[in-house]
Amino acid sequence: MNHDAWLAALTGELRRHGVGPDLTGHVVAEAATHLAESGEPPLAVFGPPQAYARAVADSLGGPDQRPPRRRPGPVRLAARGITKRYRGRTVLDRVDLTVRAGEIAAVVGANGAGKSTFLRICAGLLSPDTGTVQVDGALGYCPQDGGTAEFLDPDEHFVLVGAGRGLSRRAARRNGRAGAAALDWTPPAGTQARHLSGGTRQKLNLVLARLGEPDVLLLDEPYQGFDRGTYLDFWHEVWRWRDAGKAIVVVTHLLNQLDRVDIVLDLTAQGERAA
Amino acid sequence: MTKILVVAESALRELLRRRSVLVILLLLPLAFYLSRRGDHLGQSIRFVCLGLGWALSTAALFAGSAARGIEPRLRLSGYRSPHLVFGRLLALWTVGVLLSVPYFVLILVDQHDVRYGAIALIMALTVVVAAPFGLLLSAVLPRELEGTLVLLTVVGLQMVMDPADETTRALPFWFSREIGTYAIDHTDGGYLTRGLIQGGTFAAVLTLLVAVAAAVRLRRRRHLRFA
């Protein structure tokens, strides 16, 4: 493993261990200087990047749990009084949610609590029985499954979705590949979506939702099939999007990230109230 | 227009990558043709045209069903439903033309004393009608098996029913029998006119219905308002 590859791997591992960007840059720069001056192979000096990153994170007393928060901007999504019934059963009962630019809202709840239904209503793919959704800006939506074309490869997906957003072919491919790289994924040219693993297909799904920089992102359990590293990469991306002023709604049943979001909408409690 | 072309290109890529399906689609009309090649040359022309219609309708049915998963995302990404419908139709019509050309050449080589222009017209109308017919079936019957059974019924009825029977005019490929009679049996222009009117009407109505079905399914819901 040469210097550059080892340093790139270290950067990714530090991020996965929750080390903030400033400190990551500092640690990587310091390691690069040492390697340049000593001329020794990085594996001999520091060992594998995973182990070194773990050691750095441990020395800091664990991952940085609270990324810096910024002042939220104008309201981007306002759902008011959303009610939905299925076959006489009330799934959503007068649900309200307001998300501003620069905020992350997590929609949580048990299976069947109506999380995906609520997100589909927010995306305008499903009508509620009552209630309204006001959106300021463009919408990006990542469904729980589907959302890709079996016989197209990732680049062709980028071009197809990008054209809808007004992107040229080249810009769509470039943006799509940049989004994929942020999830530590290099889309293989010519590999059709049906040949991608479940987790990789979800990466594609997520990158497509983000294409064209929509102002409001609706993500329906987008991390299904992700390994731990990609899962952490995903949350780092979500925080980065928030810091870039996006309003994000994430449907999740994993509660260990809830201290890192701004709003929690618990539909379990809401469902119990309806019952 | 760019959006329609990008959808058409993507749909065409998807269709052309289903290689085994393409081979079956290509051979199906040939089977129809050969089934009557020995005893009635004229009938084999009518059958090959029905085979083309069936093959392309089936391709459209499956293409429409396969697209249901990604179309809501495309709608949210800035496409309007006409972009999606006409892009997909453009791809299917292209496949239909590619599918028809070898059979037209076959008839040119194998059949004599027929009106070739009228046969080309049947094939063109078949392509124009079959694509929206299959897409419409995929819109109203989301399960492919149900759509395939309806297609089987329609084409089966088209083959066995007497074209002189008024009720057969309600079948989408009736024009192929009517114009076929004009082309093969050298009848008067009335057959051509009736066939053209029926085929043209079906093409227009089916295309309109597909566009309406997509517009309804992919409509922006009233509860969603953009600032």
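In the hairpin of β1(A) and β2(A), which residue takes a positive phi? Select the turn of this predicted model: the residue is A:R87, with a phi near 50°, and two residues lie between the strands of the hairpin.

**The domains of chain A.** Next, colour chain A by domain: domain 1 covers 3-59 and domain 2 covers 75-274. The centres of domain 1 and domain 2 of chain A, taken over C-alpha atoms, are separated by 32 Å.

**A salt bridge within chain A.** Now display the side chains of A:E213 and A:K246, which form a salt bridge with an N to O distance of 3.7 Å. This pair connects distant parts of the chain, the two residues being 33 residues apart. A:E213 belongs to the loop between α8 and β6 (216-220), while A:K246 belongs to the loop between α9 (228-243) and β7 (247-251) of chain A. Over all chains, the whole structure contains 19 salt bridges.

**The interface of chain A and chain B.** Show both chains together and select the residues in contact: 38 from chain A and 25 from chain B. The size of an interface is often given as the accessible area lost when the parts come together. Between chain A and chain B the buried area is about 2,800 Å², with carbon and sulfur atoms giving 57% of it.

Polar contacts may be displayed next; 15 residue pairs across the interface of chain A and chain B are in polar contact, both residues being at pLDDT 80 or more. On the side of chain A that touches chain B, at least two residues each are supplied by α5 (115-123), β4 (130-135), β5 (139-142), α6 (154-164) and α8 (198-210). The largest share comes from α6(A), with seven residues. By type, this side of chain A comprises 21 nonpolar, twelve polar and five charged residues.

**Salt bridges between the chains.** Three salt bridges are counted between chain A and chain B. To view a salt bridge of B:R17, select this residue with A:E156; their closest N and O atoms are 2.7 Å apart.

Finally, select β4(A) together with β1 (residues 224-226) of chain B: the two strands run parallel and are joined by three bridges. Here A:V135 has B:F226 as its bridge partner in β1(B).

How values were computed. Residues numbered from 1 in each chain as written. Chains lettered and ligands numbered in written order. Predicted model: local features only at pLDDT ≥ 70, side-chain atom pairs only at ≥ 80, totals over all residues. Heavy atoms only, no water. Domains from an automatic or database assignment. Contact = heavy atoms within 4.5 Å. Buried area = accessible area lost by both parts, 1.4 Å probe. Salt bridge = Lys/Arg side-chain N within 4 Å of Asp/Glu carboxyl O. Polar contact = N/O pair within 3.5 Å; in protein donor to acceptor, adjacent residues only side chain to side chain. Helix = DSSP H or I, 4+ residues; strand = E, 2+ residues; numbered from the N terminus. Nonpolar A, V, L, I, M, F, W, Y, C, P; charged D, E, K, R; others polar. Pairing = 2+ DSSP bridges.
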